[in-house]
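Please open the model in your viewer, colour it by secondary structure, and keep the selection tool at hand. The stops below follow one another through the fold.

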Amino acid sequence: MRNPDLCTEKIFAMNNFIRLLLTGLIGALLILSPACKTPQHEPVDPSTPAAALSRLVAGNQRFVHGKSRHPHQNHRRILETEGHQHPFAVVVTCSDSRVSPEIIFDEGLGDLFVIRTAGNLMSDLELGSIEYAVEHLGASLVVVIGHTECGAVKAFLEGGKTCGHITEIVKTLAEEQEELDILRYEGKNLQACIEGNILHGLTQIKNDAPVLTEQIEHGKLSVIPMLYDVHTGEVKLLQERELREKHHANH
Ligand SMILES: [Zn+2]
């Protein structure tokens, strides 16, 4: 027959073991949980070009996969930004209603400084806006985003009759050196012309805005080309050098 005291001791020992095991497991989970959550979180410091780019890419991936978090779109954010703004990126893109930066990058109030015109065309006013966002608001990244099925580039290629100020849009595209080169070497290729137009935007930012050139040379600012696909919602990161070689646009 078993000794009842020994049984009780065994039960106590077992309980202590289970308690220690659970404590250890909970401790391990608490230690590991911040690391597990890291990919879900926004980069801590989006004030560097690389971190800003990584944040945009992560936001677009959430959007594409139906996991948008819609950050910074509440009353609390209104209060946080009522006296100041510190957007981490400048987005230059088309006015096309399908290319909405805060939606496709899953961002909110105060995150992006957005410049939109039909065909993402830029004049001195747009360049001035970029300079303001970089110099005065501290943005460390400028992305120039063209998009598939761009109506402005299509209008330029189709060459039909336009009226009013729309004529200026088509005329501006037709005068871009990149578009002239593409027509010469590749013919009326829509995708090529969309990419050529993005390249022209990069050329303008780098050649016509000395303030920005200085920031780029000091590594404080990056200017990146991107292409938004209206069929998938995905933003593709383009490589400027490859694009220039592909389209004979090394100028
Ligand atoms: Zn467009």
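Predicted model: local features only at pLDDT ≥ 70, side-chain atom pairs only at ≥ 80, totals over all residues.

For your selections, residues are numbered from 1 along each chain as its sequence is written.

Of the 251 residues, 33% count as buried; a residue is buried if 20 or more other C-beta atoms lie within 10 Å of its own, exposed if 12 or fewer, and partly exposed in between, with C-beta atoms placed from the backbone. Two residues are in contact if their C-beta atoms, placed from the backbone, lie within 7 Å, and among contacts between residues at least 6 apart in sequence, 71% join residues at least 24 apart.

Select the five strands next: they form an open sheet in the order 2-1-3-4-5, with mixed pairing, where two strands pair if DSSP finds at least two bridges between them. Strand 2 and strand 5 stand at the edges with a single partner strand each, so one side of each has no neighbour in the sheet. From one strand to the next, the twist averages 25°.

Now go through the pairs. Strand 1 (residues 89-94) and strand 3 pair in the parallel sense over five bridges, and Val-92 stands opposite Val-144 in strand 3. Strand 3 (residues 141-147) also pairs with strand 4 in the parallel sense, over seven bridges, with Leu-141 having Ser-222 as its bridge partner in strand 4. Strand 4 (residues 222-228) is largely enclosed by the rest of the structure, because five of its seven residues are buried.

Continue to strand 5 (residues 235-237), which pairs with strand 4 in the antiparallel sense over three bridges; the bridge partner of Tyr-228 there is Val-235. Six residues lie between the two strands of this hairpin, and Gly-233 in the turn has a positive phi of about 85°.

**The core**

Which residues touch the most other members of the largest nonpolar core? In this core of 54 residues they are Ala-89, Val-90, Val-92, Ile-130, Val-142, Val-143 and Ile-145, a nonpolar core being a set of buried Ala, Val, Leu, Ile, Met, Phe, Trp, Tyr and Cys residues joined through C-beta atoms within 7 Å. Helix 9 (residues 190-208) gives the most to this core, with seven residues. Centre the view on Val-143, which, leaving aside residues up to four places away in sequence, touches Leu-56, Ala-89, Val-91, Ile-224 and Met-226.

**A helix pair**

Select helix 6 (residues 151-158) and helix 7 (residues 166-175), whose axes come within 9 Å and cross at roughly 75°. Helix 6 is therefore roughly perpendicular to helix 7, a description that covers angles of 65 to 115 degrees. Ala-152, Val-153, Ala-155 and Phe-156 of helix 6 make the contact with Ile-169, Val-170, Leu-173 and Ala-174 of helix 7.

**A loop residue**

Finish at Asp-106, in the loop between helix 4 (101-104) and strand 2 (112-117). Asp-106 counts as buried because it has 23 C-beta neighbours inside 10 Å. Residues that Asp-106 touches, not counting those up to four places away in sequence, include Arg-62, Arg-69 and His-70.

Notes: Helix = DSSP H or I, 4+ residues; strand = E, 2+ residues; numbered from the N terminus. Axes fitted to C-alpha atoms, helices over the stretch in contact; angles between N-to-C directions. Parallel < 35°, antiparallel > 145°, perpendicular 65-115°, else oblique.
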